[in-house]
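Dear colleague,

I am passing on the structure below, and after it I have set out what came out of the analysis of its interfaces. Please read the notes alongside the coordinates.

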Number of protein chains: 4
Amino acid sequence: MNFASDNVSPFCPEVLEALTLEASSNAPAYGSDEISQQLDRTFSDLFDKEVAVIPVATGTAANCISLSALVTPYGGVVCHHEAHINEDESTGVAFFTGGAKLLPMDGPTAKLEATALDAFISGQVNRGVHSVAPECVAITQATELGTVYSPAEVTAIGDICKKHDLRLFMDGARFANAVAHLDCHPADITWKAGVDAISFGATKNGAMAVDAIVLFDTSLKGRIEQARKRSGHLHSKHRYLATQLLAYVKNDVWLKNAAHANQAASALADLLIGRGATLAHPKDGNELFVKLPAELAAKLRDAGLMFHAWPSLGADVYRFVAAWNTDIAQISELHTTLR
Amino acid sequence: MNFASDNVSPFCPEVLEALTLEASSNAPAYGSDEISQQLDRTFSDLFDKEVAVIPVATGTAANCISLSALVTPYGGVVCHHEAHINEDESTGVAFFTGGAKLLPMDGPTAKLEATALDAFISGQVNRGVHSVAPECVAITQATELGTVYSPAEVTAIGDICKKHDLRLFMDGARFANAVAHLDCHPADITWKAGVDAISFGATKNGAMAVDAIVLFDTSLKGRIEQARKRSGHLHSKHRYLATQLLAYVKNDVWLKNAAHANQAASALADLLIGRGATLAHPKDGNELFVKLPAELAAKLRDAGLMFHAWPSLGADVYRFVAAWNTDIAQISELHTTLR
Amino acid sequence: MNFASDNVSPFCPEVLEALTLEASSNAPAYGSDEISQQLDRTFSDLFDKEVAVIPVATGTAANCISLSALVTPYGGVVCHHEAHINEDESTGVAFFTGGAKLLPMDGPTAKLEATALDAFISGQVNRGVHSVAPECVAITQATELGTVYSPAEVTAIGDICKKHDLRLFMDGARFANAVAHLDCHPADITWKAGVDAISFGATKNGAMAVDAIVLFDTSLKGRIEQARKRSGHLHSKHRYLATQLLAYVKNDVWLKNAAHANQAASALADLLIGRGATLAHPKDGNELFVKLPAELAAKLRDAGLMFHAWPSLGADVYRFVAAWNTDIAQISELHTTLR
Amino acid sequence: MNFASDNVSPFCPEVLEALTLEASSNAPAYGSDEISQQLDRTFSDLFDKEVAVIPVATGTAANCISLSALVTPYGGVVCHHEAHINEDESTGVAFFTGGAKLLPMDGPTAKLEATALDAFISGQVNRGVHSVAPECVAITQATELGTVYSPAEVTAIGDICKKHDLRLFMDGARFANAVAHLDCHPADITWKAGVDAISFGATKNGAMAVDAIVLFDTSLKGRIEQARKRSGHLHSKHRYLATQLLAYVKNDVWLKNAAHANQAASALADLLIGRGATLAHPKDGNELFVKLPAELAAKLRDAGLMFHAWPSLGADVYRFVAAWNTDIAQISELHTTLR
């Protein structure tokens, strides 16, 4: 069983079916086709607000293109040290923004806390053009450590952003897992809480290659489309990005997939805890961080499980990521295997 | 019938079949999977030389990422005025290269001629750091006007590049159509002719979304991979880029598709010429540029054909692009329809 | 005598005197000193309009920083092929703007003509995000070929910019020579004619190292100051940029210097024409382009004159540039020398 | 007395004299004049090694242009949190390098310690293209907190750089104060210790506006000159940058000025300590960080002294910066004033 990442999963049957249906007819290129034209409507319904949707093939593209419209080349983006944009996207943010600087701060379990954020922003010494002023706050939902912000927590951060006149961006590579965990309306943790734009992740949770920039501030659309094109992220056969996305949200596939992944992670957590593991911190979504006794870790490897050590959380901490296709029955069978 | 572009076509059955086969199992992310690992071998066989292959989702990405490793931020890229990088990719080249400048020149039917190129390069006044020195020549095969460079023509350009110590890049968005037309070995118009890197197009000719950077100078690989990642073009489920590519070249699907498109364009040319059209210039690949009597143009529109006016070639010139899925029988039926 | 460029001249006595006076006392850094604080007022008086002044040390910096606030990274800057920003500033415009593209066009004697400009702009095919849309027009006053736009000509260009909703920028590296030639108010060829910002050159005409960005649209000030700082163009001892500038405009030193240079160029023109030279085109400012009989050219070299061949205007065309310190008496003596 | 910064000082008599001498004759532009041509020789003698010298007008330009040749757009620059490039140069490093990221770390009194540096570099998790790999270490000599690295300390850092195959850059905005304090040969704390390039500061210590990039690895020269030009930092009247620099180093003016500033800071330290102040940390160069009793701070303000609070070191900590022109006699008189 492969718990290395949710990226190891294939795309889901609903996406395959939709792509197959769309594999035999011609259609206009670059997003002027009928399928692509449905995106804004579909996501406006989903978020209960008029939004603009710009799909791209990767989360890095969705994050960095979004930020390019939210900050100036002279500005700063406050984020958590663990943020994907800070740790895993090379120098992408500086590249797309023309130089904007990440201003990383700490917080428990990869989450920014509103009070600490307020202090951090206030503590940035303003020396005018010499220093870099925060212009945007970026949070990840669910976080890189698998935790989830509650609607109240996002709202509190949104309030701090308003107080300091900053933009609020959400990296939602695992947004579905967060919504499934919270069992809330997507609006509650986005625009109603002050979020200006989100990377709405689909790739990890059942798509082949599509994450969508969803703009709650639709005035950003023009710049985003320009930035997308010149960075090579406007697909000529754009309908296949749209096809994936529509299949992903139709009939709540995205939530079904995410709920499954979350549940699989819970099942694995139960199994491991029963065998001596302890949680490094609470498991909210589909990512599990546990301390494992060395013997248990070895047994799991022997049983064919793939997972990563996570030394930044401790020498004996490991990460397990469940996905939409993780076989929960197989997890149950591990009880026997590990005996 | 839609002759607006080859981008309006869907992806082909062989690609669908391969994607379907790869839709049920897990695999490592970011290119370390077994399928992705086959790319270098497969393309080295195809080109009869050790190459490095870096797949991305779009032609703009393939072109601009390639150029970012071929020129400095202070350098120039000589290309034809009609080149896609000059006319259709926004400010992508400057963005990816950190400022490099396009140095466009003319030439019949969107082709650079070696002698004129030599003169153009020699004519660039060298005022040291004040001016922009050519560092790379970029040609398109087949060109934006549907014409194809012969092996001798590419070789002549390659020789000029060597003479001036410049890199040679090929935008091969329609490379397959060129090879099918020339009936030559892919090596004859690439590395044997002095080409350092090519955008090996697949999207227009049967894939869903993949074009491959093929490096004949494999020393460029490291920089290309860095540039790909930070520009958001490294797919997590990388195997699906590889899957498309491998299905595209297996059993010569790419050449079969291209030959079909070329033939369809020929059939359409014959039809139109028989009804009073004249070629604006020779049709080599799958793009047809014809002068149409106004009455004929109207009849074609009435018959449901979609195609673009091409005013830069004349007020009565139109472009028709055939694709891998163009129905040649349907073209034949036009004889009746247009009567 | 050195007619290679006006850059070969030293700085003028008035500037030396002012710098000397300012060489013994302390003052706040980065522009908060009293001298720097006089700039906006002084230039607002000079231009008869409230302006913002941001001095930098070079013309390239003044041009490129200005353009960085006038266009987006996806936009185009229409200019003449001969423009300094196109021919002599490496890839500076793309660097400072984050990728904006120069869209060069032709025009007699390095001048843009309003009608041709209108046609050029209208002729830029708008393919949305694929193409680069003109966002700004940049003209040079006096031009790189020494010619000067009349107030009516600048106004006509300004009107075209308004018609197409474009910004208008003026590279005024030799602005003083233009004003001295036209004997007009500086306002007549700038903001009254539709110019948004100008590089107000001083270095070539008597300063040591300062050109000023003068903003007629003062809303640009914030972005310009950010761009100046991060590009290393904010001087800590900012007062010395201001000192040079104030000495340069005080008592019309700038106009006196420019008038002298223009007059010296005229004197040289008269001399050369009297000996068989012909003007390549009319001499407006301090730059002279003449066709020289080979024998005369040789004699001038023998007499110790330094000047450049200008092959782009013809094999027998040469450029002579007079400066604020060119010795007119010495030109007269050439009559004897050349006999 | 103004202790706000050494930037408040004017330029020194030797520089004025040299500029005055150079204010009456013509000379070739852009560095091909005889004065500019002396720079490499003079600094090669000064550093006892063949070096290449590229003068620019500001320290930010010297730092950022240097780094643009030392790292790739995908790389990281390790520096102290307090480093000027991290705290005071806006987004300059990202701008000039095309995206490179600062990787700030801690260390006492703004100094990097070799052992901690080694651990920091080793601790950067290498996830290939996803993460940012350190490519250069940047240290400041004297540091932003006025402390100075000994030759042994720089050498130890140089050894760590060699171990990890990293470049070593030195921001020498106050290099003179460091050398004056150490009483060492300039080579001992630069190339002999492993430094590849230095910003050799002059502006703060007696020049008007010039800091020099000094390359111990002269192979970097070409890229540096390209980067200088396109960023607008190549002065047309280049000789005046050279004139300042040569006057600054001739007859050890730079060391005389720096020794004076250091001594003035010592005199002020003695005075303040005698009145109840305590050093926040040892004073090495011309910057003094002291804890002041509130009453003393008020008295100093009343006596007309200008200086900055430095809250990052504590609520009662203040910075005093002496300069080449600080009047030591006047400091002595403060004994009376403050009584």
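In this predicted model, the contact between the two chains takes in 49 residues of chain A and 49 residues of chain B. Together chain A and chain B bury about 3,900 Å², and carbon and sulfur atoms account for 57% of that area. On the side of chain A, the three residues that supply more of the area buried against chain B than any other three are Phe95(A), Arg230(A) and Lys237(A), with 20% between them.

As for the elements involved, those that give two or more residues to the side of chain A touching chain B are α1 (13–21), α4 (59–70), α6 (92–97), α10 (221–230) and α11 (239–249) of chain A. Sorted by class, that side of chain A consists of 19 nonpolar, 21 polar and nine charged residues. Between chain A and chain B there are zero salt bridges by the rule applied, while the residue pairs in polar contact, both at pLDDT 80 or more, number 30.

The area buried between the two domains of chain A is about 2,000 Å², with 56% of it coming from carbon and sulfur atoms. Of the area that domain 1 of chain A buries against domain 2, Leu145(A), Asn177(A) and Asp252(A) supply 26%, which is more than any other three residues.

Which polar links join the two domains of chain A? The count is two salt bridges between domain 1 and domain 2 of chain A, and the rule also finds 18 residue pairs in polar contact across this interface, with both residues at pLDDT 80 or more. A salt bridge is formed by Glu287(A) and Arg174(A), whose closest N and O atoms are 3.3 Å apart.

Terms used
Residues numbered from 1 in each chain as written. Chains lettered and ligands numbered in written order. Predicted model: local features only at pLDDT ≥ 70, side-chain atom pairs only at ≥ 80, totals over all residues. Heavy atoms only, no water. Contact = heavy atoms within 4.5 Å. Buried area = accessible area lost by both parts, 1.4 Å probe. Salt bridge = Lys/Arg side-chain N within 4 Å of Asp/Glu carboxyl O. Polar contact = N/O pair within 3.5 Å; in protein donor to acceptor, adjacent residues only side chain to side chain. Helix = DSSP H or I, 4+ residues; strand = E, 2+ residues; numbered from the N terminus. Nonpolar A, V, L, I, M, F, W, Y, C, P; charged D, E, K, R; others polar.
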